[in-house]
Amino acid sequence: DMRFFNEWAVKIAKVDAVGSEPVHPLHMWHRLIAGSEFVAHPDLIGGKAPSELSPEEAASSTKKLWDEWYLGTRFHQDPLYAYMIAAIYTICGSPDARFVYAVQMLGGIVTILLLFLVSRRMFGDLVAVLTAILAMWWGPLIHYEVTLLRTSLITMMGVLLLFCGQVAKNRRDSSGSLGLLGSFGFGCVIGVATTLKSTFLVFA
C-alpha cells in the first residue's frame, strides 16, 4: 500500500493530475490470478501460452486485464490521501516521503489537541489532561505518522468529526441560526472525510 500510494501520488504530481488513466496496484497475487486467466482464455494474449510471453508483454497484458476488471479509470481507493501526497511533493519539489511524515506528525499533534477538547467537553479538565497524556505516548499513533499510509489522518479525521458533531449539537441547542451553521460545517467536514475514507459516511 505504501508503494502504491507513492506511485499514485507521483503520477498525479508529474503526469496525470485529473486521473485520466487507470492507476491500480499490481502485486504478485495479481500476476498469479492473471496467469491463471490467460491459461483458461489464451485469446486474451493472442492465442499464446503465458510462458511464451516476454516479461514486458506479460506485464502489459496483466495490467490491461486488471484495469478492465477494476473498471478502468475509477479510483482504486479514496483519493484524498494520494492527492495530499502529490500536493506535498509538488510544493516541496521532491517526491520525498519525509515531507509527508512531517505533515502527518503535525496531524498527530492536532489529534491530541482534539482529543483534549472532546474529553473536556464530555468529562471535564482532569480527564482531558489524562487523555492527552495517554495519546502522546500511544505507540500506534506515533508509528503510523511515519508510514505512507492514511491511518494517522483517518484517526485525526474521526476525532475531528466527533468534535464538530459536539459543536454542532451545542449550537443547535442554544441557537437556531448558529445551529444551522454548525450543522453545515459538520456536513462539510463529513464530505472531506469521505474522500479520505468512504466509511466516514456512517457519520452522516
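Guide: A contact means heavy atoms within 4.5 Å. This is a predicted model, in which local features need pLDDT of at least 70, side-chain atom pairs count only at pLDDT 80 or more, and totals for chains, interfaces and linings use all residues. Residues are numbered from 1 along each chain as its sequence is written, and side-chain values use heavy atoms, with hydrogens and water left out.

Visitor: What share of the contacts in the chain with a separation of 6 or more comes from residues 24 or more positions apart?

Guide: Such residues account for 68% of those contacts.

Visitor: Why is Ile133 called partly exposed?

Guide: Buried means under 20% relative accessible area and exposed means over 50%, with partly exposed in between (1.4 Å probe, protein chains only). Ile133 has a relative accessible area of 41%, and is therefore partly exposed. Ile133 lies in helix H6, residues 125-136; helices (H or I, at least four residues) and strands (E, at least two) are DSSP runs, numbered from the N terminus.

Visitor: How does the span of helix H3 compare with the span expected?

Guide: The expected span is 1.5 Å times one less than the number of residues. Helix H3 (residues 55-69) has 15 residues and reaches 21 Å from its first C-alpha to its last, close to the 21 Å expected. Ser61, Thr62, Leu65, Trp66 and Asp67 of H3 are buried, and the buried residues of H3 pack against helix H2 (28-40).
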